[in-house]
Amino acid sequence: MEKTIHQGRNVKRYREMLGIKQETLAAEMGEDWNQRKISLIEQKEIIEDNILMKVSNVLKIPVEVIKNFDEDTAINILSNSFTSNDQSTLNVINHNCTFNPIDKIVELYEALVQSEREKVALLQNLLDKNK
């Protein structure tokens, strides 16, 4: 039986890793988006390509990462690499990697920092308005 990847859970997983709330993602997606629509997207196993592209642009994560991340496979690969002394297991991890994982971690961290800067700017604007 072929296991399908739950794209909505992957969106939620990456959104949370970036420290972005559903409301913030909805605001970045556009006027016709709200927290409830983001919640519904995160419950979908398969997300329409146009919506997935928009989400990936806002989160600054490649569409392929959202489409292809499978938690069970990642856990199996990681658990095998920790329980085996065989060096070939480590090669499995990067076998099909088409990007430098360190670059992606830096990219995600930079997106997180940028998100925090935006939050600070919004809070500063609110404080300035209340003065």
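These legends go with several close-up views of a predicted model. Local features are shown at pLDDT of at least 70 and side-chain atom pairs at pLDDT 80 or more, while totals for chains, interfaces and linings use all residues. Numbering starts from 1 along each chain as its sequence is written, and side-chain values use heavy atoms, leaving out hydrogens and water.

**View A. Helix H2 meets helix H4.** Here helix H2 (residues 22-29) packs with helix H4 (residues 49-59) at an angle of about 110°, and their axes are 10 Å apart. Helices are DSSP runs (H or I, at least four residues), numbered from the N terminus. The axes are lines fitted to C-alpha atoms over the stretch in contact, with angles from 0 to 180 degrees between N-to-C directions. H2 and H4 are therefore roughly perpendicular to each other (65 to 115 degrees). On the H2 side, the contact (heavy atoms within 4.5 Å) uses Leu25, Glu28 and Met29, and H4 brings Ile51, Lys54, Val55, Val58 and Leu59. Six of the contact residues are nonpolar, none polar and two charged; Ala, Val, Leu, Ile, Met, Phe, Trp, Tyr, Cys and Pro count as nonpolar, Asp, Glu, Lys and Arg as charged, and the others, Gly among them, as polar.

**View B. Helix H2 meets helix H3.** The angle between H2 and H3 is about 100°, with axes 8 Å apart, which makes H2 roughly perpendicular to H3. Look for Gln22, Glu23, Leu25, Ala26 and Met29 of H2 against Gln35, Ile38, Ser39 and Glu42 of H3. This contact has four nonpolar, three polar and two charged residues.

**View C. The largest nonpolar core.** This core has 21 residues, and Val11, Leu25, Met29, Trp33, Leu59 and Ile61 have the most contacts inside it. A nonpolar core is a set of buried Ala, Val, Leu, Ile, Met, Phe, Trp, Tyr and Cys residues joined through side-chain atoms within 4.5 Å. H1, H2, helix H3 (35-43), H4 and helix H5 (63-68) each supply at least two of its residues, with the largest share, five residues, coming from H4. Leaving aside neighbours within four places in sequence, Ile61 touches Tyr14, Leu18, Ser56, Ile66 and Leu108.

**View D. Asn10 in helix H1.** Asn10 lies in H1 and is buried, with a relative accessible area of 2% (buried means under 20%, with a 1.4 Å probe and protein chains only). Its side chain is 2.6 Å from that of Arg13 in a polar contact, a pair of N or O atoms within 3.5 Å; within protein, one must be able to donate a hydrogen and the other to accept it, and residues adjacent in sequence count only if both atoms are side-chain atoms. Not counting residues up to four places away in sequence, Asn10 touches Ile5, Ile66 and Phe69.

Definitions and conventions
Angles under 35 degrees count as roughly parallel, over 145 as roughly antiparallel, 65 to 115 as roughly perpendicular and the rest as oblique. Buried means under 20% relative accessible area, exposed over 50%, partly exposed in between (1.4 Å probe, protein chains only).
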